[in-house]
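User: Please take me through this model by setting each value against the definition behind it, so that I can see how each label was reached.

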Amino acid sequence: MTFLRFTTVGAAFTLAALTGTGAAHADAPNAAPAATASAASASAVPAFTDGYGLTVVPGSTEVHSPTDFTITVTTKQLSGKHKIRILLPAGYDADPGRRWPVTYFLHGGGGTVNDVAAAPALHSDSMITVVPDGGLKGWYADWLMQNTAEGAANWETFHLTQVVPFIDANLRTRADRAHRAVVGLSMGGYGSLHYAEARPDLFGHVAALSGGIDFGMPQVRAAVLATELNLTGAWCAASSSSGSGKCTGFGPYVDSDAIFGSPYPFFDADRVWKAVDPAAPANLAKLSGTGITLYTGNNDIIDVHTEAASKTVKARLDQLGIPSRLVNYGNGASLAPSCDGGHNYGCWAPAFADYVPRLEAAFAAAR
């Protein structure tokens, strides 16, 4: 590790929360996940068949309610076992001839699939919501380094070439882009916009909430490095998703070049960062014909930067003539009493409450 790397990250480590430290800590639900289901309760949810490189771990289903359950899978693309939480509409069983739109929710850094419990609007009776594990610091990317303490880390391949077709094969989905959305917050905001750009054939709708969506910003690059080095900062230590007041962090230390390579703009060393930058005009141009929504506040040390990133993306989309919607709720007063304009579910839950009915209407209009 070079001195330059430590200097850059050390100066910006308090921005680590931009990656979703809030999503996993102050921002995430306090409820613990359900215990592994009994055979009787597990039988109440759809049976899943292995496929597309995914193997379902037998006996691992967690049933939170008849329409809310979690399965665990393994894949050669990732080390270890990984959860996928699935929220079904109330009428899924009662109407066996009906197919449903699907929304993929991407959690923030340090988060888990259970963070979705803090956004009730995502459990809709008009669509299926799928929440795949994104890793504590997966960054929705196929990592350049596969020999770190994280082991195999091909998150993008896992999500786009395995989870999506696996869900379509096992649930009654409407498997076309007009009826498929990807949404995310913080680190997942990056993931949602990047995935929509990488696979416009899959996703017809995208929403990024308080996203790290401009890799041209040093603050966003520093936040990624902070997750790699597990530099959580004091803000993270003061909060946690479990309500314990202890920051769970971003997992084991890995090299600061592990995910996207060198972040430094010398001799094109940062070419991967530039290639996957959601704010790059060449990438934004791929969103023509996609419904695009951005949400951000500006009232804490993290969202002041997500506001800048969101404004840049919006301005570039406008220049490209691509319609989009930016909701900048500032200090939160215009959004909801629970929102302080910061990087937390007090703002994200009402933002989803605003967004989901619009998404449902778009799904319904796409016949």
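Analyst: Buried means a relative accessible area under 20%, exposed means over 50%, and partly exposed is what lies in between, with a 1.4 Å probe and protein chains only. This is a predicted model, in which local features need pLDDT of at least 70 and side-chain atom pairs count only at pLDDT 80 or more, while totals for chains, interfaces and linings use all residues. Residues are numbered from 1 along each chain as its sequence is written, and side-chain values use heavy atoms, with hydrogens and water left out.

User: Why is C339 called buried, and what makes C347 buried?

Analyst: C339 has a relative accessible area of 7%, and therefore counts as buried. C347 is at 0%, so this cysteine is buried as well.

User: What makes the link between C339 and C347 a disulfide?

Analyst: The term is given to a pair of cysteine sulfur atoms within 2.5 Å. The S to S distance between C339 and C347 is 2.0 Å, and the pair is joined as a disulfide. Such a link is a covalent bond between the sulfur atoms of two cysteines. The link of C339 and C347 has 90° about the S-S bond and is right-handed, and a search of the whole structure finds 1 disulfide.

User: Why does H194 count as buried, and what does its side chain meet?

Analyst: H194 counts as buried because its relative accessibility is 8%. The residue is found in helix 5, residues 187-198; helices are DSSP runs of H or I with at least four residues, strands are runs of E with at least two, and both are numbered from the N terminus. The side chains of H194 and E156 are joined by a polar contact of 3.0 Å, a term for a pair of N or O atoms within 3.5 Å in which, within protein, one must be able to donate a hydrogen and the other to accept it, residues adjacent in sequence counting only if both atoms are side-chain atoms. H194 and V276 are 82 residues apart in sequence, yet 7.0 Å apart in space, C-alpha to C-alpha.

User: What makes a group of residues a nonpolar core, and which residues have the most contacts inside the largest one?

Analyst: A nonpolar core is a set of buried Ala, Val, Leu, Ile, Met, Phe, Trp, Tyr and Cys residues joined through side-chain atoms within 4.5 Å. The largest has 64 residues, and those with the most contacts inside it are F48, I86, Y104, I128, I167, F215 and F260. Helix 4 (residues 155-170) gives the most to this core, with 7 residues. Apart from it lies another core, of 27 residues, among them L87, M127, F352 and Y355.

User: Where does the predictor's confidence stay under 50?

Analyst: That confidence is pLDDT, given for each residue from 0 to 100. Over residues 1-40 it stays under 50, although the model has 125 contacts there beyond four places in sequence. Residues 237-246 also have pLDDT below 50. Where pLDDT is low, the predicted coordinates should not be read in detail. The mean pLDDT of the protein is 88, and 84% of its residues reach 70 or more.

Notes: Contact = heavy atoms within 4.5 Å.
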